[in-house]
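User: Please take me through the terms applied to this model, and show for each one how the value leads to the word.

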Amino acid sequence: MPLARSLSVTSLTGLEDWDDELDLENSILFEVAWEVANKVGGIYTVIQTKAKITLDEWGENYFLIGPYLEQNVRTQVELIEPPSPAIRRTIDSMNAKGCKVYFGRWLIEGGPYVILIDIGATAWSLDRWKTELWESCSIGIPWYDREANDAVLFGFLTAWFLGEFSAQCEEKPYIIGHFHEWLAGIGLVLCRIRKLPVATIFTTHATLLGRYLCAGSVDFYNNLQKFNLDKEAGDRQIYHRYCMERSAVHCAHAFTTVSQITAVEAEHLLKRKPDIVTPNGLNVKKFSAMHEFQNLHAQSKARIQEFVRGHFYGHLDFNLDKTIFFFIAGRYEYSNKGADIFLEALARLNYLLRVNGSQTTVVAFFIMPARTNNFNVETLKGQAVRKQLWDTANAVKEKFGKKLYESLLVGNLPDMNKMLDKEDFTMMKRAIFATQRQSFPPICTHNMLDDSTDPILNTIRRIGLFNSSADRVKVIFHPEFLSSTSPLLPVDYEEFVRGCHLGVFPSYYEPWGYTPAECTVMGIPSISTNLSGFGCFMEEHIADPTAYGIYIVDRRFRGLDESCTQLTSFLYSFCQQTRRQRIIQRNRTERLSDLLDWKYLGRYYMYARHMALAKAFPDNFTYEPHEPTAAQGFRYPRPASVPPSPSISRHSSPHHSETEDDDERYDEDEEAEKDKQNIKSTALMGAVPEWRKRSKKGSSEASTSSNASTPTLPSSPSDLSSPTNSLIEEKN
């Protein structure tokens, strides 16, 4: 089924640079989500990273609404008095009626205001509110679904707050309520049922039914139009959740989703075509010094190499300078995240490297939190042995250095036979004997609670990747989030990603995909699929993604075995690259980071808010929808120089990486300059749209025209394409 081009972000050039800002003094934006100051999944990252750019636009008129969870508030929120009299009166009124509503600053970049609602304080109203929900919407919530019950409490309290705030305002403002995901959806539905003066937006980051169906090993994307939705939701005992999500979608003034592939999914499963796709971004911070991100890669890689030295003690028969680090990370959804196809591809890659006599070794990390009870003793022992060896080497080095210094001080060349005594040799032999091990290095760094039924471990047993000396592919399963305070692998996630060579995310169900996006921003190549939002976005805007280090596996129009073969081909091709080719590719990957900056992708959220205002307040805002006449697609061209591919380069073995010739057709400055020509600088954007000028309070037009209070909004997503700053070149 072809994707509808009109739903996508069709162009990243041509968006007007609005130097003049809308008058937001009489407009208020409330963004509502269960993951405000509450890290659960990817929505937390969306809201946290987007807060700064939204705050820059709305200032003191931007508020986030989320649940009050004491353990999170202690570390993330500074409780303060509300600066707005209307907000203060609203909170006081609700607290006087038995609620517990808190106001503070979220301690993230920008420090946005947050309104946190304690749902436990009003749990006594749950049955009454569930009855009201049934009578008004015919949605019944079972008693045993705690998450759905929490969503009801959160939704009713949010609607109560918005209604109370509207009543407490002396001058009625234009209120926008932006609701994320089904957990916040009840609040949106109640705003419409109670006819509150709120312009509503609903953003789905993944459909409930889609996630469940994909986890059930069905041919999801080729059968979207064939599913009996009510039956499928009922069979999975999520019918009430599905109703909550679908009702929020249809009640919203503006409905958005995060990617083109999810827009198609939502149209079939939720029966409403999204008004606009709002891709997820990141706060991209460019380095002022050339090659800085390459230096960070080298530093972080050294930290990972230290861990590998300890983990594989006794079996460290491979050259770490010729070792490549792959990783996959995310929620432990074995099939949805593509761990199944990745493991199968690693087994095939291991065979190819062995039969071709490759000197390259691959260490593949699986960073997926699972149920464990403690660290693996053998894994901890490995790090202790490594540290003991390091201490022994340092002790011998100090003694050797002291004797060498004393010998040179008196003008004699040292007698090498006397530099080390028997005690030194004994100490070194004991250290060597301590590294002997009879068993293979462990696969899992922790003791798993469900070892016999764990899908990753069972697959590893089937394909036979046991970290033996003969294997060119080694596997490490780390079933816990990374932390710089860990006694095992003391690095945080960002540092770990920077130290790896390739991120592998062959997901079957991935509405957006922050993990490959984070890799791109840090200059690390990644593998994605055409079933992920990130993969579709990059495929649309880059003529040759592979040349820029964005490998896209076809999982939509190919069978599982064909997709696995393609993934294996990507992995093997990457292993054949020389060190210089990998450096060139990282430079190219990092140059794509501007495509993912909130400074530009945030404009699509601005457009959604303007659309909602026009639909909710037609007397004050107007909107004339029409389809774009043509797809103004923007695409990065293929790099002019030789791509980093062994099929074209003169050398295919990593043996030549250090002595790689300088006459290959590659000029980083020239290539970066050509890329810059394909991106409009923010300083070159067009004039301020008339509708924004007319809405400025006190403007000359407002004083002379009776139509000044009726601004005309942009008519389609194609009118709001994201600009991109000039790129910073990286050379190495």
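Analyst: A definition is needed at the outset: a pocket is an open set of grid points with protein on both sides within 12 Å along at least five of seven lines, and its lining residues have an atom within 4 Å of a point. The model discussed here is predicted. The largest share of the lining of the second largest pocket, four residues, comes from helix α3 (residues 85-96).

User: What is the volume of the second largest pocket, and which residues are the closest to its centre?

Analyst: The volume of the second largest pocket is about 380 Å³. Its lining comprises 19 residues, of which Glu25, Ile28, Ser84, Ala86 and Cys169 are the closest to the centre. Sorted by class, the lining holds 10 nonpolar, three polar and six charged residues.

User: How many helices and strands does the chain have, and what percentage of its residues is buried?

Analyst: There are 25 helices and 17 strands in the chain. Of its 732 residues, 57% are buried. As for contacts with a separation of 6 or more, 76% of them join residues 24 or more positions apart.

User: Why is α4 called roughly perpendicular to α5?

Analyst: The axes of helix α4 (residues 126-137) and helix α5 (residues 146-168) cross at roughly 80° and come within 10 Å. Angles of 65 to 115 degrees count as roughly perpendicular, and therefore α4 is roughly perpendicular to α5. On the α4 side the contact is made by Leu126, Trp129, Lys130, Glu132 and Leu133, and on the α5 side by Asn149, Val152, Leu153, Phe156, Leu157 and Trp160. By class, this contact has eight nonpolar, one polar and two charged residues.

User: What makes helix α18 mostly covered?

Analyst: In helix α18 (residues 514-521), eight of its eight residues are buried. They are Tyr514, Thr515, Pro516, Ala517, Glu518, Cys519, Thr520 and Val521. Gly523 follows α18 and has a positive phi, near 80°.

User: Why does Arg582 count as buried?

Analyst: A residue is buried when its relative accessible area is under 20%. Arg582 has 10% relative accessibility, so this residue counts as buried. Arg582 lies in helix α21 (residues 579-591). Leaving aside residues up to four places away in sequence, Arg582 touches Ile324, His501, Phe574 and Gln577.

User: Why does Glu494 count as partly exposed?

Analyst: The relative accessibility of Glu494 is 44%. Buried would require a value under 20%, and exposed a value over 50%, so Glu494 counts as partly exposed. Glu494 is in helix α17 (residues 493-499).

User: Which phi values do Ala37 and Lys271 have, and is each residue buried or partly exposed?

Analyst: Most residues other than glycine have a negative phi. Ala37 has a positive phi, near 55°, and Lys271 has a positive phi of about 60°. Ala37 is located in the loop between β1 (27-32) and α1 (42-58). Its relative accessibility is 4%, and therefore Ala37 counts as buried. Lys271 is located in the loop between α10 (260-269) and β9 (276-277). At 46% relative accessibility, Lys271 counts as partly exposed, because the value falls between the limits of 20% and 50%.

Notes
Residues numbered from 1 in each chain as written. Predicted model: local features only at pLDDT ≥ 70, side-chain atom pairs only at ≥ 80, totals over all residues. Heavy atoms only, no water. 1 Å grid on protein atoms, 1.4 Å probe; cavity = no way out; pocket = protein on both sides within 12 Å on 5 of 7 lines; lining within 4 Å. Points joined across faces, edges and corners; volume = space filled by probe spheres on them. Helix = DSSP H or I, 4+ residues; strand = E, 2+ residues; numbered from the N terminus. Nonpolar A, V, L, I, M, F, W, Y, C, P; charged D, E, K, R; others polar. Buried < 20%, exposed > 50% of the residue type's maximum accessible area, 1.4 Å probe, protein only. Contact = heavy atoms within 4.5 Å. Axes fitted to C-alpha atoms, helices over the stretch in contact; angles between N-to-C directions. Parallel < 35°, antiparallel > 145°, perpendicular 65-115°, else oblique.
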